[in-house]
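My entries follow in the order in which I made them.

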Amino acid sequence: MSRRGVFSGLMFNRMVDRPATNEKSMALMWGLAWLIVGVILCWYLDLVPTSMFGYTWGAVSLAWNTALGLVMWVSSTVVFYGVALLFNRKVSVTELFGRMLFAHWPVTLMLLPAVVGDKVAYSTFMSHPAVVSDQVPLYGVLMSIFSAVVLVWYFYWGLCAFRRSLSRSGAVVFVAYVVAFVLSFLLSEYTLDAVYAGIGR
């Protein structure tokens, strides 16, 4: 294989495993940068996060959008940290939270259809996908495929970040990550619901 081919292969592997190959400080910095991008887009589009994976309509101030972004980050990562402690009590809080935040940035791409398309249809799909699929089948299919791609990307990058922070891999770690992923989704959803209930009072 030529040097160019080897270099291209190394660059590809580095990009695929980006949450694991980044230095922990860089992962946190880029994660925060993408969190800010997501917060600003949500504020501009009148959207709010519903969990660690998903958005819906909600017109709130930029300050509240920032707070919601932080709540989403913490609530979606704390379970991973708790599970990581079961394997390695020396897991760095900063490293795990930073890498998991960086791994979350593909979810920001979920905002793109709202930027370039119908925001009403987008918000309806995110809350009630079956309704949109019945009324506008093509949009429902395209959004389902797009959402699935982003979810798989996020799941894999989160796994890379989790394993690097834990300094362990293997089948047991993978199963623990899957369980943590589901629990993190539920916790982030319930936490944000509680915040919205508080805002609405």
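**Overall fold**

I began with the secondary structure and found ten helices and two strands in the protein, where helices (H or I, at least four residues) and strands (E, at least two) are DSSP runs numbered from the N terminus. Read from the N terminus, the order of elements is α-α-α-β-β-α-α-α-α-α-α-α.

Before going further I noted the ground rules: this is a predicted model, in which local features need pLDDT of at least 70 and side-chain atom pairs count only at pLDDT 80 or more, while totals for chains, interfaces and linings use all residues. Residues are numbered from 1 along each chain as its sequence is written, and side-chain values use heavy atoms, with hydrogens and water left out.

I then looked up the dimensions. The C-alpha atoms of the protein fill a box of roughly 50 × 45 × 30 Å along the principal axes.

For the surface, I noted an accessible area of about 10800 Å², of which 71% belongs to carbon and sulfur atoms (Shrake-Rupley method with a 1.4 Å probe; for residues, only the protein chains shown count as cover). Buried residues make up 39% of the 201 residues, buried meaning under 20% relative accessible area, exposed over 50%, and partly exposed in between (1.4 Å probe, protein chains only).

Of the contacts between residues at least 6 apart in sequence, 69% join residues at least 24 apart, with contact meaning heavy atoms within 4.5 Å. I also looked up the charges: the mean positions of the 13 positive and 8 negative ones are 18 Å apart. Here Lys and Arg count as positive and Asp and Glu as negative, His and the chain ends not being counted, and each charge is placed at NZ of Lys, CZ of Arg, CG of Asp or CD of Glu.

**Helices α9 and α10**

Which elements do the buried residues of α10 pack against? Helix α10 covers residues 171–199, and its 29 residues reach 42 Å from the first C-alpha to the last, close to the 42 Å expected at 1.5 Å a residue; the expected span is 1.5 Å times one less than the number of residues. Its buried residues are V173, A176, Y177, A180, F181, S184, S188 and L192, and they pack against β1 (47–49), α4 (62–87), α5 (93–103) and α9 (137–166).

I checked α9 in the same way: its 30 residues should span 44 Å, and its end C-alpha atoms are 43 Å apart, which agrees. Just after α9, S167 takes a positive phi of about 60 degrees. S167 lies in the loop between α9 and α10, and it counts as exposed because its relative accessibility is 60%.

**Other loop residues**

D46 also has a positive phi of about 60 degrees although it is not a glycine. I found D46 in the loop between α3 (24–45) and β1, where it counts as partly exposed at 28% relative accessibility.

What does M52 touch beyond its neighbours in sequence? M52 sits in the loop between β1 and β2 and is buried, with a relative accessible area of 1%. Not counting residues up to four places away in sequence, it touches M72, S76, H104, V107, Y154, F181, S184, F185 and S188. The C-alpha atoms of M52 and F155 are 103 residues apart along the chain and separated by 11 Å.

For S61, in the loop between β2 (55–57) and α4, I noted 35% relative accessibility, so it counts as partly exposed. The C-alpha atoms of S61 and V91, 30 residues apart along the chain, are separated by 35 Å.

**Around α5**

My last entry is P106, placed in the loop between α5 and α6 (112–116) and buried at 0% relative accessibility. Not counting residues up to four places away in sequence, P106 touches V150, W153 and W157.
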